[in-house]
Amino acid sequence: MRLLRCPRCGEGKLYRGLLTIVDQCSACGLALKQHEQGDGPAFFGILLIGALAGIFAAIFEMKFAPPYWLHAAIWIPFILIGSIASLRLGKAALIAAQYRLRGEDFK
Ligand SMILES: [Zn+2]
């Protein structure tokens with residue numbers, strides 16, 4: 001199975017733009033839009049990226065004691081990019097899991 005692709009055929013793209021799920025697969029026509037997961041991927045992304053940013057920032061502060069502008073220059077992009085990446089992966093993983101476990105709902 002290819003990452004961020006249709007769970008049935010592995011060919012059609014799962015996203016239109018950054019975080020919008022396509023209505024249906026462009027390759028096999030599988031209906032995907034109705035399987036938006038709400039806040040599930042965001043919740044797990046916040047837990048993961050928030051924990052990583054907090055731990056790494058604390059270690060960085062204790063080892064190097066950098067100025068605050070350097071913390072901001074590192075951790076703000078880390079959090080933004082990490083949040084978007086974890087949302088994309090989380091949404092794709094939950095759609096794939098739904099397809100595997102409740103494939104009859106994908107009509
Ligand atoms: Zn497909």
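In the predicted model, His71 counts as buried, because its relative accessibility is 11% and the limit for a buried residue is under 20%. This residue is part of helix 2, which covers residues 68–101. When residues up to four places away in sequence are not counted, His71 touches Ala57, Phe60, Glu61, Pro66 and Ile76.

The chain as a whole contains two helices and two strands. In sequence order these elements give the pattern β-β-α-α. The chain is more spread out than a compact globule, because its radius of gyration is 18 Å, well over the 13 Å that the globule rule gives for 107 residues. The C-alpha trace spans about 55 × 25 × 20 Å along the principal axes of the chain. Of the 107 residues, 30% are buried. Among contacts with a separation of 6 or more, 49% come from residues 24 or more positions apart.

The accessible surface of the chain comes to about 6,900 Å². Carbon and sulfur atoms account for 68% of this surface.

Helix 1 spans residues 40–64 and includes Phe56. With a relative accessibility of 39%, Phe56 counts as partly exposed, since this value falls between the 20% limit for buried residues and the 50% limit for exposed ones. Apart from neighbours within four places in sequence, Phe56 is in contact with Trp75 and Phe78. Phe56 and Trp75 are 19 residues apart along the chain, and their C-alpha atoms are separated by 9.0 Å.

The loop between helix 1 and helix 2 contains Ala65. Ala65 is exposed, because its relative accessible area is 53% and the exposed class begins over 50%. The phi angle of Ala65 is near 45°, which is a positive value in a residue other than glycine.

A positive phi also occurs in Leu4, where the angle is about 60° although the residue is not a glycine. Leu4 is found in the segment before strand 1. Its relative accessibility is 22%, so Leu4 counts as partly exposed.

Arg2 is also placed in the segment before strand 1, the strand itself being formed by residues 15–16. Leaving out residues up to four places away in sequence, Arg2 touches Gly10 and Glu11. Side chains of opposite charge can pair when their charged atoms come close. The structure holds one salt bridge. A salt bridge is formed by Arg2 with Glu11, and the closest N and O atoms are 3.5 Å apart. This distance meets the requirement for a salt bridge, because the nitrogen has to be within 4 Å of a carboxyl oxygen. Both partners are partly exposed: the relative accessible area is 42% for Arg2 and 46% for Glu11. Arg2 was also compared with Phe64, from which it is 62 residues apart in sequence. In space, the C-alpha atoms of Arg2 and Phe64 are 40 Å apart.

Notes. Residues numbered from 1 in each chain as written. Predicted model: local features only at pLDDT ≥ 70, side-chain atom pairs only at ≥ 80, totals over all residues. Heavy atoms only, no water. Helix = DSSP H or I, 4+ residues; strand = E, 2+ residues; numbered from the N terminus. Rg over C-alpha atoms; globule rule 2.2 N^0.38 Å. Buried < 20%, exposed > 50% of the residue type's maximum accessible area, 1.4 Å probe, protein only. Contact = heavy atoms within 4.5 Å. Areas by Shrake-Rupley, 256 points an atom, 1.4 Å probe, with all protein chains shown as cover. Salt bridge = Lys/Arg side-chain N within 4 Å of Asp/Glu carboxyl O.
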